[in-house]
Amino acid sequence: GLFDTPDPTAETLPETLNADHLQAAYDAALESVVLLKNAGHLLPLDATALRSVAVIGPLADDPHEQLGTWIFDGRPESTRTFLPALSERLGEEVSVHHVRALDTTRSRDQHGFAEAVAAAEEADVVVLMLGEEAILSGEAHCRADIRLPGAQEALIAAIAATGTPIVLVVMAGRALALEGVVDQVHAILYAWHPGTMGGPALADLILGAASPSGRLPVTMPRVVGQVPIYYGHRNTGKPVTPESFTHIDQIPARSHQVSVGNTSFHLDVHPSPLFPFGFGLTYATVHYDTITVSTPEMTMDGTLTISADVVNHGSRSATEVVQLYLRDLVGSVTRPVRELKGFTKVTLLPGERRTVHFALTAEDLAFVGRDGRRRAEPGHFHAWIGGNADATLQTDFALIASRETLARS
């Protein structure tokens, strides 16, 4: 059948995974996890201050689901899951109590909630391991509702009612709409389906043996009605701003049609994404300042450098993904409001300031025209450097024809 027939001609894994294989799998999992929320600096957990941890959810110790979709040659027996990894790192001094709570991520049966709530009430912190089973994502596996499936939102509400701090770990093959639960948890680690060594990687991130450095490769919507939502969209004829947004509950009864303005947005959800493209937190506080451009004008055969300072104001080292975005203000075809044009990873010690440089040529500003040919056009550009597609540190420059051409004109 469709769900259980591997390709017999496919290249298979080696009989045993050696140390190099496991290290590569661990590194990939470590760098792919995205820290989306960390209220009150709950993470990393201080193991010396813990007495007990409740690990709740159907994905805490499921080797098959951790591997994700399209793994016909994957071997669950080689997978190292989160629950034993956390127990191993905490040792005998800290009690780790696991409650599955739901049979699967799709289950609506809440028979396990009482045990989960009791475990949460006795624990210093709860780690909720939720998300999607592997089979729910992949080609031809779309969902009309991309919230956490089954009774997972009800489980989060029940655990949140105990008042115990919650770390939510989401394993999923797509961006899920977490608007309904984001305010009920203290920290969120988005792990996707982290593969063979996902368990040790997550345990090390949660306990601070490693620091999160993953960034979102997609825009995360608040609700499914915002889809499609992406940072590189066209401006449209009636772009909305945060100031022009009016929520449905703010509209007086029997208002005239013009009372909410003439911009394009949904009345019942803020126009911004829940988390923008490129977003991701670290365990430090990183700020950007002092953006500069090497020259206000760049010729077609020239080079221009955009720079900004990145500062670690935290007490821990942090790996920051510095991102450069551009906007071509006018083109012969409509241009996106922003385009990612460069990024680099920098590791900053506590208190360290570093200047990051991005070099641009006309080729970096080129696009495919209406005739199907790639070209750069003279014009004005905005540039931003920051930690995601909503970066606000901005500068400007112009692309001009060669100075010889200008002199002859």
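The model is predicted: local features need pLDDT of at least 70, side-chain atom pairs count only at pLDDT 80 or more, and totals for chains, interfaces and linings use all residues. Residues are numbered from 1 along each chain as its sequence is written, and side-chain values use heavy atoms, with hydrogens and water left out.

**Strands and sheets**

Helices (H or I, at least four residues) and strands (E, at least two) are DSSP runs, numbered from the N terminus. Two strands pair if DSSP finds at least two bridges between them.

How many bridges join β9 to β12? Nine bridges do, and the two strands run antiparallel. Ser307 stands opposite His357 in β12.

Strand β15 (residues 379–386) pairs with two strands described here. With strand β10 (residues 318–328), β15 pairs in the antiparallel sense over six bridges. Leu324 stands opposite Ile385 in β15. Six bridges also join β15 to strand β16 (residues 394–400), again antiparallel. His380 faces Ala398 in β16 as its opposite residue.

Burial is judged by relative accessible area: buried means under 20%, exposed over 50%, and partly exposed in between (1.4 Å probe, protein chains only). Six of the eight residues of β15 are buried, so this strand is largely enclosed by the rest of the structure.

**Salt bridges**

The structure holds 18 salt bridges. Each is a side-chain nitrogen of Lys or Arg within 4 Å of a carboxyl oxygen of Asp or Glu. The table lists some of them.

| Pair | N to O distance |
|---|---|
| Arg143 and Glu132 | 2.8 Å |
| Arg353 and Asp309 | 3.1 Å |
| Glu352 and Arg354 | 3.0 Å |

Arg143 and Glu132 meet in a salt bridge. Both sit in the loop between β4 (125–131) and α5 (152–160), eleven residues apart. Is Glu132 buried or exposed? Glu132 is buried, at 0% relative accessibility. Arg143 is partly exposed, at 23%.

Arg353 and Asp309 form another of these bridges. The pair links distant parts of the chain, 44 residues apart. Arg353 lies in strand β12 (residues 353–361), and Asp309 lies in strand β9 (residues 303–312). Asp309 is buried, at 11% relative accessibility, whereas Arg353 is partly exposed, at 45%.

The side chains of Glu352 and Arg354 also meet. Glu352 is partly exposed, with a relative accessible area of 22%. Arg354 is partly exposed too, at 31%. Elsewhere, salt bridges that share partners join Glu132, Arg143 and Arg174 into one network.

**The largest pocket**

Rolling a probe the size of a water molecule over the atoms shows where empty space is left. On a 1 Å grid over the protein atoms alone, a pocket is an open set of points where a 1.4 Å probe fits, with protein on both sides within 12 Å along at least five of seven lines; lining residues have an atom within 4 Å of a point.

The largest pocket has a volume of about 1,000 Å³. That volume is the space filled by probe spheres set on the points, which are joined across faces, edges and corners. Which residues are closest to the centre of the pocket? Of the 30 lining residues, they are His233, Val240, Pro271, Ser272 and Pro273.

The lining has 15 nonpolar, ten polar and five charged residues. Ala, Val, Leu, Ile, Met, Phe, Trp, Tyr, Cys and Pro count as nonpolar, Asp, Glu, Lys and Arg as charged, and the others, Gly among them, as polar.

Most residues other than glycine have a negative phi, and most peptide bonds are trans.

A cis peptide bond joins Leu43 and Pro44, with omega about 0°. Pro44 lies in the loop between β1 (34–38) and β2 (52–56). Another cis bond joins Val227 and Pro228, also with omega about 0°. Pro228 is in the loop between α6 (198–207) and β7.

Ala101 has a positive phi, near 70°. Its place is in the loop between β3 (95–99) and α4 (113–122). Ala101 is buried, at 8% relative accessibility. Trp192 has a positive phi of about 55°. Trp192 is in the loop between β6 (187–190) and α6, and counts as buried at 17%.
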